[in-house]
Amino acid sequence: MSWQTALLMLLGGVVALLALRVPVAFAFLAVNVVGALFFLGGEMGLLQLTRNAVSSVSSASLTPIPFFVLMGEVLFHTGLAGKAIDAVNRVITGVPGRLAVVVVVAGTIFSAISGSTIATTAILGSLMLPVMLKRGYDPMLALGAILAIGSVDMLIPPSAIAVLLGSLAGISVSKLLLAGILPGFLMSTLIVGYIVLRAWWNPALAPPDDVDLPRGESRWRNLLIYVAPLVFIFTTVVGVLVAGWATPTESAAVGALSTVVAAILYRALTWETLKHSLVATAEISGMILFIILGATTFTQVLGFSGATNGLVGSILGFELSPGALVLAMMAILLFLGLFIDQISIILVTVPFFMPLVQSNGVDPVWFGTLFLIAMQTGLLTPPFGLLLFALKSVSPEGITLQQIAMAALPYVGMCILLLALVFLFPGLATWLPSLL
Amino acid sequence: MPRIVDATLEAINRWLVAATAALILGMAVVITTDVLGRNLFDRPVPWSAELSEYGLYLSAVLIAPWLLRRGQHISIGIIIDALPVRAAGPIVKAGDILCAAVSAILAWYALQATLRSHSDGSLIIKNVIFPEWYVFVPLTAVFALMTVEFLVQFVRGSLDDARGPG
């Protein structure tokens, strides 16, 4: 069988099953069963498939995922998120589009303590969207701010998807987590700048609302009580990584347990909230990990079929410069982001992209950061922008999916601008990891 | 479908999700104890690495039937969503049968891996030593459970569950 036929059968098979709403994990498993029969020696290949299923998710590099998710879920279910938003709300005054700015600042803080973009979007959507709409904010401005900062969660550590990408692509997880920090905060700043500019240009989009806020120094007290400890947890998680005192798994576990302990100290943790947080964590990390379990053998099947070498060899035959190659790969990721979820994108593209990255001497940490930004964009692009659906599920009645998708558009442009900036100035991604 | 099958599946899944949740909390506690013990008291927990690796595997596997039962496995379906319900229904049912078949095949080969490993006496030797076949048992059980679940969905009609992303 030629590599082109094998590629069509394997990649085409996965895409066709995905399009027919077969769950992602089972689409990969079905193709792997066929691939094992054809390319991995039949019955022996099927036995290997089950062995790979075990080894794929008993990997130390993936262990941070549930812990990073747990941090966000505890914040969400204990109500600490609401208190942190309230604290930020008290200290940001006199800014055009104030509540939307509060959303972005609070979202940046959550991003620094939650590894789940969905959790961050759900927190902000359920707590802040009704408030902004009630105060007469333009729905597009309100929705857009939440979506934009929700997607930034993918860049700012702890990020479950960054761990997944690092693990599967063979990029240092610690370095990739650190590499997302500067671009993440830069994106937050861009979002705030855009909101302030729009609200200043057209005040009707965001009526002033800070007349009844407490004045004086007392308004900083809640920031100290409810936000400073969260920032401390983030600093601890990142600090022990940078200092080399703990592995990503260990720093994630310490961060997760610290969040639980913080919730206990705030007297916000009950048996029910702990149970809900843990079940939600099990569900979200289970969704991610079971897809990995289903898809791991896919890379192996592609390799044995000759499809990987064939396609990579053909692309290398074009003799593109490393920069042009990276741009082409980013274009593919942005296109796939329109239709496919982020985990599937990683699983489908990494087997082809990483050999190209290595053979062209591209810095894997820089490439991984660009990869994350491209996928962050995919969270916001219809028809399959995961955050569009996450926000819809917590929006008040009357907000349509179309409105949400339209609200995301300016921020899609901003993600592409960030992609361009990190492409042109690699130091934005590589400086912090170089300190390791 | 007899109510007893549904009730049994629900009860099993509730136990599995409780076990997964407890496992995640347990992993966080043990790893943190190891980090603190190692750095502050020179008393590490030597088996914490194995617990986190195999705990992660178990947490991925045990929750899978629960996710399936609640339609929470990520799916996309850009073609299905564009079709009228009458046309989409049979395709979704065909998907259920395909997934049931894949699950059954994997349950069978996971069982074969368990039996072979048991008869070979293979061991996993790290800080903790244990028979390798232990790790294949949950995989066999979970794929068998999901075979039944897909068949139940096929009988019940899974279109409603399958609608909507993620």
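Reader: What makes α1(B) and α2(B) roughly antiparallel to each other?

Author: In this predicted model, the axes of α1(B) and α2(B) cross at roughly 160° and come within 9 Å. Angles over 145 degrees count as roughly antiparallel, and therefore the pair α1(B) and α2(B) is placed in that class. The crossing of α1(B) past α2(B) is left-handed.

Reader: Which residues in α1(B) and α2(B) meet?

Author: On the side of α1(B), the contact includes Leu16(B), Ala19(B), Leu23(B), Met27(B), Ile31(B) and Asp34(B). The partners in α2(B) include Ser48(B), Leu51(B), Gly55(B), Leu58(B) and Leu62(B). By class, the contact of α1(B) with α2(B) has 11 nonpolar, 6 polar and 1 charged residues.

Reader: Where is Asp42(B) placed, and why is Asp42(B) called exposed?

Author: Asp42(B) belongs to the loop between α1 (3–40) and α2 (48–62) of chain B. Its relative accessible area is 65%; exposed means over 50%, so Asp42(B) is exposed. The phi of Asp42(B) is positive, near 55°, in a residue other than glycine. Most residues other than glycine have a negative phi.

Reader: Why does Arg267(A) count as exposed?

Author: Arg267(A) has a relative accessibility of 78%, and the cut-off for exposed is over 50%, so Arg267(A) counts as exposed. Arg267(A) sits in the loop between α13 (248–265) and α14 (271–305) of chain A. Although not a glycine, Arg267(A) has a positive phi of about 55°.

Reader: What is the omega of the peptide bond from Pro157(A) to Pro158(A)?

Author: Omega is near 5° for the peptide bond from Pro157(A) to Pro158(A), and this bond is cis. Most peptide bonds are trans. Pro158(A) is located in the loop between α8 (139–152) and α9 (160–169) of chain A.

Reader: What makes α17(A) roughly antiparallel to α18(A)?

Author: Helix α17 (residues 342–359) of chain A packs against helix α18 (residues 364–378) of chain A at an angle of about 150°, with the axes 12 Å apart. Since roughly antiparallel requires an angle over 145 degrees, α17(A) is roughly antiparallel to α18(A). In passing α18(A), α17(A) makes a right-handed crossing.

Reader: Which residues in α17(A) meet those in α18(A)?

Author: Among them in α17(A) are Ile345(A), Ile346(A), Val350(A), Phe353(A), Met354(A) and Val357(A). In α18(A), the contact is made by Pro364(A), Phe367(A), Phe371(A), Met375(A) and Gly378(A). The residues of the contact of α17(A) with α18(A) comprise 10 nonpolar, 3 polar and no charged.

Reader: How do you know that Thr377(A) is buried, and which residues does Thr377(A) touch?

Author: Thr377(A), which lies in helix α18 of chain A, has a relative accessible area of 3%. Buried means under 20%, so Thr377(A) is buried. Not counting residues up to four places away in sequence, Thr377(A) touches Leu334(A), Val412(A), Cys415(A) and Ile416(A).

Reader: Why are Cys415(A) and Cys99(B) called buried?

Author: The relative accessible area of Cys415(A) is 0%, and the relative accessibility of Cys99(B) is 2%. The cut-off for buried is under 20%; therefore Cys415(A) is buried and Cys99(B) counts as buried.

Reader: How many disulfides are there over all chains?

Author: The count comes to 0 disulfides over all chains, where a disulfide is a pair of cysteine sulfur atoms within 2.5 Å.

Terms used: Residues are numbered from 1 along each chain as its sequence is written. Chains are lettered from A and ligands numbered from 1 in the order in which they are written. This is a predicted model: local features need pLDDT of at least 70, side-chain atom pairs count only at pLDDT 80 or more; totals for chains, interfaces and linings use all residues. Side-chain values use heavy atoms; hydrogens and water are left out. Axes are lines fitted to C-alpha atoms, for helices over the stretch in contact, and angles run from 0 to 180 degrees between N-to-C directions. Helices (H or I, at least four residues) and strands (E, at least two) are DSSP runs, numbered from the N terminus. Angles under 35 degrees count as roughly parallel, over 145 as roughly antiparallel, 65 to 115 as roughly perpendicular and the rest as oblique. A crossing is left-handed if the near helix is turned anticlockwise from the far one by less than a right angle, and right-handed if clockwise. Contact means heavy atoms within 4.5 Å. Ala, Val, Leu, Ile, Met, Phe, Trp, Tyr, Cys and Pro count as nonpolar, Asp, Glu, Lys and Arg as charged, and the others, Gly among them, as polar. Buried means under 20% relative accessible area, exposed over 50%, partly exposed in between (1.4 Å probe, protein chains only).
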